[in-house]
Amino acid sequence: MGKILLVILAIILIVFIVCAAVTAIAKIRFSQMVAKEVTQFYKGIEGAQGIVQLSDLEEHPPSVQKWLLHSQVVGKERMIATRTKQDINLRLKADQSWMKGQVEQYFRMAEPGFIWYADIQMAPLLHISGRDKYIDGHGHMLIKVLSMVTLADSQGKEMDQGALLRYLAEMMWSPSAALNDYIHWQEINDTSAEATMSYEGVTASGVFTFNEQGEVLSLEAERYGEFDGEYRLETWACVIQEYQELNGINVPSQGDIIWKLDTGDFHWYHFKVKELEHNKPFRYEL
């Protein structure tokens, strides 16, 4: 009986080791896929495109000018690329537990786009690999359990609109991107302005709200989201909790992403910035 038990335990251990090895290899391959995408994403990105001048702000609403001044971009190189590392918490439904994760994200400005790469812990020994991207005006979300089993592989016009709005919101980490021609600003009042972004045939708008110091408080927009298996427009908000100076630029360092639904606010994503660098168009070293 003792020998049989030992054999069973040995088999279980071997199966566990094999599964762990397969998962580790899949995770490495997913990371390598993202690395190739980031390299291609930044291919051809040239050096800095001049210095941000005070005169560059003049045609923008006063609240936007105050934000850019507070951000400390004037007198510095225009941002052509941004990369960041973050700790995140997220959940897919309001009644679910929060999952922790780590994120790398890469942005470019001349041809607006981003690549978001996440390693999310669902449960002990169970992780999710995620990659969201916005390139050439198109959004594409890929989510795999254990880096192998596809949970989501979403593309289409709704994803394009949503990804554009995500880029618009996350422009907060690259303030001088607000000066690009594909974004049009319209004053609402002393502390808010509407930003309309048009790129590759897709146009969407969001309202930025600022405090008296010129810090972003929130962005709110009508964005497509998937609910109960179908896409529909709902109010989507990025609400900032904290600001921090990182590498000489004042930016949001913590915040929440919220869907404002008829059933109530769904807080589904929280971020905390750990690192933020500009004009380094290449992936972080592993």
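Predicted model: local features only at pLDDT ≥ 70, side-chain atom pairs only at ≥ 80, totals over all residues.

Modeller: The side chains of Asp119 and Lys27 meet in a salt bridge, with 3.0 Å from N to O. The term salt bridge denotes a side-chain nitrogen of Lys or Arg within 4 Å of a carboxyl oxygen of Asp or Glu. This pair links distant parts of the chain, 92 residues apart: Asp119 belongs to strand β3 (residues 113-123) and Lys27 to helix α1. Helices (H or I, at least four residues) and strands (E, at least two) are DSSP runs, numbered from the N terminus. Lys27 is partly exposed, with a relative accessible area of 29%. Here, buried means under 20% relative accessible area, exposed means over 50%, and partly exposed lies in between (1.4 Å probe, protein chains only).

Residues are numbered from 1 along each chain as its sequence is written, and side-chain values use heavy atoms, with hydrogens and water left out.

The structure holds 14 salt bridges. Another of them joins the side chains of Asp87 and Lys274, at 3.6 Å from N to O. Because Asp87 lies in strand β1 and Lys274 in strand β13, this pair ties together parts that are 187 residues apart in sequence. Asp87 counts as partly exposed at 30% relative accessibility, and Lys274 is also partly exposed, with 45%.

Strand β1 (residues 81-90) and strand β13 (residues 264-278) run antiparallel, with nine bridges between them. Two strands are said to pair if DSSP finds at least two bridges between them. Within this pairing, Lys85 has Glu275 of β13 as its bridge partner. Strand β13 is also joined to strand β12 (residues 249-261) by eight bridges, and these strands likewise run antiparallel. There, Trp259 has Phe266 of β13 as its bridge partner. Two residues lie between β12 and β13, which form a hairpin.

Gln72 lies in the loop between α2 (62-71) and β1. Its phi is positive, about 70°, although Gln72 is not a glycine. Most residues other than glycine have a negative phi. Gln72 is partly exposed, with a relative accessible area of 30%.

A salt bridge may also lie within one helix. The side chains of Arg166 and Glu170 meet at 3.0 Å from N to O. Since these residues are four residues apart in helix α3 (residues 157-170), about one helical turn separates Arg166 from Glu170. Both Arg166 and Glu170 are buried. Elsewhere, salt bridges link Glu37, Arg131 and Lys133 in a network.

Finally, I return to helix α1 (residues 2-41), which contains Val22. Together with Met148 and Val149, Val22 forms a nonpolar patch on the surface, with about 240 Å² of accessible area. Patches are made of residues with over 30% relative accessible area and no salt bridge; like charges are joined within 9 Å, and nonpolar side chains (Val, Leu, Ile, Met, Phe, Trp, Tyr) within 5 Å. Accessible areas come from the Shrake-Rupley method with a 1.4 Å probe, and for residues only the protein chains shown count as cover. Val22 itself counts as partly exposed, at 40% relative accessibility.
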